[in-house]
Amino acid sequence: MRLRITLSFFAFLFLQLHVQAQKEANIWYFGSYAGVDFNSGSPVALTNGQMSTNEGCASIADANGNLLFYTDGITVWNKNHVIMWNGTGLYGNYSATQSGVIVPQPGNPDIYYIFTIDAEAGTYGFRYSIVDISLQSGLGEVTDKNIPIITPTTEKITATEKSPGEIWIVTHLWNSNNFYAYTLDQTGFNSTPVISSSGAVHNGSTTNTIGYMKLSPDGTRLALAVDWGLQIVELFDFNKSTGEVSNNLMLMTGFPGAGPYGIEFSPNSDVLYATNESAGVQSHLYQWDLNAGTSSQIIASLVTMGNLTNAGALQLAPDGKIYWSQTGTNYLGVINDPDTPGTGCDFVVNNVYLQSGSCNFGLPDFISSFFLQAAFTFEGICFGDTTWFTLADTTGIDSVHWYFDDVNSGAADSSHDLAPYHIFTEADSFNVILQAFGYSDTAYDTVLVIIYPHPDTNLGPDTAICLNDVITLDASYPDASYLWMDGTIDSTHTASLPGLYYVEVTSVEGCITPDSILITNNPLPVVDLGNDTLICDGQTLTLDVTNSGVLYLWQDGSVNPQFTISSAGLYWAFVTDTNTCSKADSIIVNYVPVPPLNLGVDTAICLNDTLLLSAAYPNVTYLWSNGSTNPDLKVYTTGVFWAQITDTNHCVSTDTFNLSVLPPPPVDLGDQVHFCIGNVATLDASASNAATYFWWDGTTAPTHDVVVPGFYWVETTNSIGCKSWDTVEVFEEPLPVIELGNDTLLCDFASLLLDAGNDSSYHQWQDGSNTATYLVTKEGNYSVKVIDKYGCISTDNIFVETQRTPFTDLGPDSLYCFGDSIRLDASWPEAAYQWNTGSTDPVYFVYMKPGIYRVDLTNQCGTYSDSVYIDFHNCQSCVNVPNVFTPNADGMNDRFTPLYDCNVGKYTLKVFNRWGQQVFESHNIADGWDGRMEGKSQELGTYAWWIEYANMDMPDVMYDLKGYVILLR
């Protein structure tokens, strides 16, 4: 979705729009805690700023006018008025005229460049820092800081758009008449400047760096003011395509007071304004008509206005007016009509009251093209309408190229017509670009065109309402106006009669959507619950209105199409049909009692017994399940039996009786029972589900434990007294035999096969494996459980320890320096140690005693021996090196020569200068360096040296020495 900007419109059928710039310059912070908000169209004082600056400052908002950050060139505050992350220590200066300007990087909406200037040609000069506004949760962070561009400069920076996607940033050098113009585009800052030499040389006292420089909104002119010593206002041409500054025109010199300070162009770029600092005299507002004619006529067009309080900066604002700071006051002055030459420009001294804030000299610096007036207008802003575009001025235009920013329109997205039209493919915001080609130049303009949707008006489909009902038609749309067929203008309309209803809805932007609806009548549904009725107790009556509608409501709140009645009372149904029409009906239902019938409680009898069922009651008829019509029925088989009696009111009672004919309880103790030695055998008769149990010994539990082999019996009785009995023989069984052996030791990765025997039984080892044997390869506890076919269980376990034959390596025979302490480590887990010195420790220390050192390591798996020869010698260097020499030919210390007191051989000396270049090399210790290289004396300073040599008394040992020597004369 593109960026949307809400504008105010007048309600005409077609709207002619003068499009303002986007709102990046709508929030100002300046002076001592002063601020102004232009988002409402007029300046409103802000009192939440945290900045107090004497002169330069800059602020920036997003395209919707929401504050992003502001700065005095030293500190950066975020939109919450808190110092931005890494936002301190910028190399601008709060006392520099234009200490900073903020430039959004084209093509990257998150990146902003802050260009800063030091005060009075200071050493920091012209630099830039970078803000990434997407960081710190949208509060921004200074990611790059104080990147140098050029120095020294005056206190002047200005910027304008070169073309879509490219920005010019211009400054003026000190002690020079050179302008430096740089570009910023989507690839970043281009550090190669366009240099133009034009106009006066800015030199002398560094106070001559003070004063504003501005580019005109259309980017074709540049003007600057120089305060104090030089006291000049100059006008130049600026080539927006090349960045060149030329054709200087000195408009005025010799201003009163300190001299000219503020400078600004009118919105149409044709009128120039300046102010002077008072310095004890009156400040004035100066104006030149840049369309007056020749250079002389432009100079002569000067108009001096007003006796002002100490005036400072001038700054063009989003409302098309120019404001100026009045130092030391709580007011901004204003030029209400800056495009008008002469006093008709309507300047007002005290215009904007700043409340708790106050002015100093500066106002925020902005990209001048922010304030460029639109070069074309348009009409037709409703979606689906034709939008027509009109050039504001065709003078000097040879041809044009329009870009409508409507990619979905395909080839129609551009045009070369002077007055084109376009039908936009959606309601959205479009950045329409005009590229105008003149006979000697090319101009660009971008205007935000907002295509508004038609009101979303929908009265709904044609509909039918029930007889005598009403319906409310709703055409509501935000901020819209309405016109119904009867002339009423409310957003809603009430309809009760059949007919056609219609409305026109007009949005605040003037977009119109009509709609209509046809209303007819539907009949009411038919609902009939029947006459009031009488039914027997226990019976139910189902009321059914299924065919009458689609929505139902009964007296108890239920919503089904049927309702079943089970008690006396008043019942009603409210039915709504498919047309939402509704109707109701009711019925009264009363109950009479039914004759009593009770066949008794369901029961069971034993096999071969019988039972008599009775349904006898006065003045009734009988019907049994087998067809009998007698009052009694004899039963003796398992089954369900029912009887039905009917009285003189035709009320019917029915009852059922369940009879179970049960055999004796089945009991089965099994053929044989086996139990393990030390355990018991449990005889279980509970599967018979008997009511009582009687064992041979008189006990009555469902189960019985025995510990002696033999024959045993039980008698069982069910709940109705039916009996059964059974006998079983019990056997005692021995436990399985397991022998894994004693705990043992395995050496050097040996293995052990454990055998639990009992091949026909179930085995379970400690790791869950189930084989009869288990191969042991590592140390640990091993256990096995054996279960035979009778469930008898035996277990055994064994601990297996593993060790390796010990090993050690005392290293190679070695030569050490006198004084060295040598550590011999023979450590091995759980080993015993015996050194040839008599020591039994795992570690032995040798100190200056040459010889052979031997150790024996022993554990349960064996013994291992190792030995090493150790000798000592003198390792100290016998060469000493001086740290200074003076090659001045006075016969004293003229050469850099090492001293030695031993037999030196294999010798190398190298000397290097501070850049690492070798200046001397020797392989004879008697040859020293005379301070020259290739016959040329070397400069004074420190030199590095490196020596490698051997003491021929110990020729196998090389010595390596490094250091520094100072060359003096």
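In this predicted model, the disulfide of cysteine 606 and cysteine 722 is left-handed, with -125 degrees about the S-S bond. The two sulfur atoms lie 2.2 Å apart. Cysteine 606 sits in strand 46 (residues 603-606) and cysteine 722 in the loop between strand 56 (710-717) and strand 57 (723-733), so the link ties together parts 116 residues apart in sequence.

The whole structure holds 7 disulfides. One of them pairs cysteine 676 with cysteine 792, at a sulfur separation of 1.7 Å. Its S-S torsion is about -105 degrees, so this disulfide is left-handed. Cysteine 676 counts as buried at 4% relative accessibility, and cysteine 792 at 0%.

Cysteine 382 and cysteine 511 form another disulfide, S to S 1.9 Å. Here the torsion is about -100 degrees, so the link is left-handed. The pair connects distant parts of the chain, 129 residues apart. Cysteine 382 and cysteine 511 are buried.

Cysteine 57 has its closest cysteine sulfur in cysteine 359, 10 Å away, which is too far for a bond. Cysteine 57 is buried, at 2% relative accessibility.

The protein comprises 2 helices and 78 strands. Its radius of gyration is 56 Å, well over the 30 Å from the globule rule for 969 residues, so the protein is more spread out than a compact globule. The C-alpha trace spans about 145 × 125 × 55 Å along its principal axes. Buried residues account for 45% of the 969. The side chains include 30 positive and 104 negative ones, and the centres of the two sets are 17 Å apart.

Note on methods: Residues numbered from 1 in each chain as written. Predicted model: local features only at pLDDT ≥ 70, side-chain atom pairs only at ≥ 80, totals over all residues. Heavy atoms only, no water. Helix = DSSP H or I, 4+ residues; strand = E, 2+ residues; numbered from the N terminus. Rg over C-alpha atoms; globule rule 2.2 N^0.38 Å. Buried < 20%, exposed > 50% of the residue type's maximum accessible area, 1.4 Å probe, protein only. Lys, Arg positive; Asp, Glu negative; His and termini not counted. Charge placed at Lys NZ, Arg CZ, Asp CG, Glu CD. Disulfide = S-S within 2.5 Å.
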